[in-house]
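Subject: Structure for you, with notes

Hello,

Here is the structure I promised to hand over. Please open it first, then read the notes below.

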Amino acid sequence: MKSKYKIPEKFVHQLVKLPESGMGYQLVKVFLTDGKVLRKRKVFNSSILVLNTDEDISSSEIEKIELDR
C-alpha cells in the first residue's frame, strides 16, 4: 500500500504552474537533502505526494521537486 503525504505550500505553488502528466496528477522527481532522488512519484492536485510504503520523509527533507519527464 502506498502512503500519501501533503507537500509544503512552496512546492504546491510551484507545481500548480506546471503541466499535468495525466488526468489530475503530475509525475515528479523529489530531491532530498541527503542527496537521494525519488523518481516517478505521483503528485495529485499539485499537493498530495504518493510515496512507496518503505519511504518516510518529512517536509524539511525536501530540497526541490520537479517534473519527471
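Which residue lies over the face of phenylalanine 31? Lysine 64 does, at 4.7 Å from the ring centre. The rule for a charge over a ring is that NZ of Lys or CZ of Arg is within 6 Å of the ring centre and within 35 degrees of the ring normal.

First, the ground rules. This is a predicted model, where local features need pLDDT of at least 70, side-chain atom pairs count only at pLDDT 80 or more, and totals for chains, interfaces and linings use all residues. Residues are numbered from 1 along each chain as its sequence is written, and side-chain values use heavy atoms, with hydrogens and water left out.

**The sheet**

Helices (H or I, at least four residues) and strands (E, at least two) are DSSP runs, numbered from the N terminus. Five strands matter here: the open sheet has 5 strands in the order β1-β4-β3-β2-β5, with antiparallel pairing. Two strands pair if DSSP finds at least two bridges between them. β1 (3-6) and β5 stand at the edges. Each has a single partner strand, so one side of each is left without a neighbour in the sheet. The twist averages 40° from one strand to the next.

Now the pairs. β1 and β4 run antiparallel and are joined by 4 bridges. In that pair, lysine 6 has isoleucine 48 of β4 as its bridge partner. β3 and β4 are also antiparallel, over 2 bridges. Here phenylalanine 44 has isoleucine 48 in β4 as its bridge partner. The hairpin of β3 and β4 has 3 residues between the strands, and asparagine 45 takes a positive phi near 50° there.

**The helix and the core**

α1 lies across β1, β2, β3 and β5, and runs at about 15° to β5. Axes are lines fitted to C-alpha atoms, for helices over the stretch in contact, and angles run from 0 to 180 degrees between N-to-C directions.

In soluble globular proteins, nonpolar side chains tend to be buried together. The largest nonpolar core in this model has 16 residues. (A nonpolar core is a set of buried Ala, Val, Leu, Ile, Met, Phe, Trp, Tyr and Cys residues joined through side-chain atoms within 4.5 Å.) Those with the most contacts inside the core are Ile7, Val28, Val30, Leu49, Ile62 and Ile65. α1 (9-16), β2, β3, β4 (48-51) and β5 (62-67) each supply at least two core residues.

Take leucine 49. Leaving aside neighbours within four places in sequence, leucine 49 is in contact (heavy atoms within 4.5 Å) with residues including Tyr5, Ile7, Val28, Val30, Val43 and Ile57.

**The rings**

Rings of Phe, Tyr and Trp (its six-membered ring) pair if their centres lie within 6.5 Å; planes under 30 degrees apart count as stacked, over 60 as edge-to-face and the rest as tilted. The count by this rule is 1 aromatic pair. The rings of tyrosine 25 and phenylalanine 44 have centres 6.1 Å apart and planes at 55°, so the pair is tilted. The pair links distant parts of the chain: tyrosine 25 is in β2 (25-32) and phenylalanine 44 in β3 (37-44), 19 residues apart. Lysine 42 lies over the face of tyrosine 25, at 4.5 Å from the ring centre.

**Buried or exposed?**

Buried means under 20% relative accessible area, exposed over 50%, and partly exposed in between (1.4 Å probe, protein chains only).

- Phenylalanine 44 is partly exposed, at 34%.
- Lysine 36 is exposed, at 51%. Lysine 36 sits in the loop between β2 and β3. Beyond neighbours within four places in sequence, lysine 36 is in contact with Val30 and Phe31.
- Valine 37, in strand β3, is partly exposed at 30%. Not counting residues up to four places away, valine 37 touches Lys29, Val30 and Phe31.
- Serine 47 is buried, at 13%, in the loop between β3 and β4.
- Proline 8 is buried, at 19%, in the loop between β1 and α1. Proline 8 and serine 59 are 51 residues apart in sequence and 6.3 Å apart in space, C-alpha to C-alpha.

Best wishes
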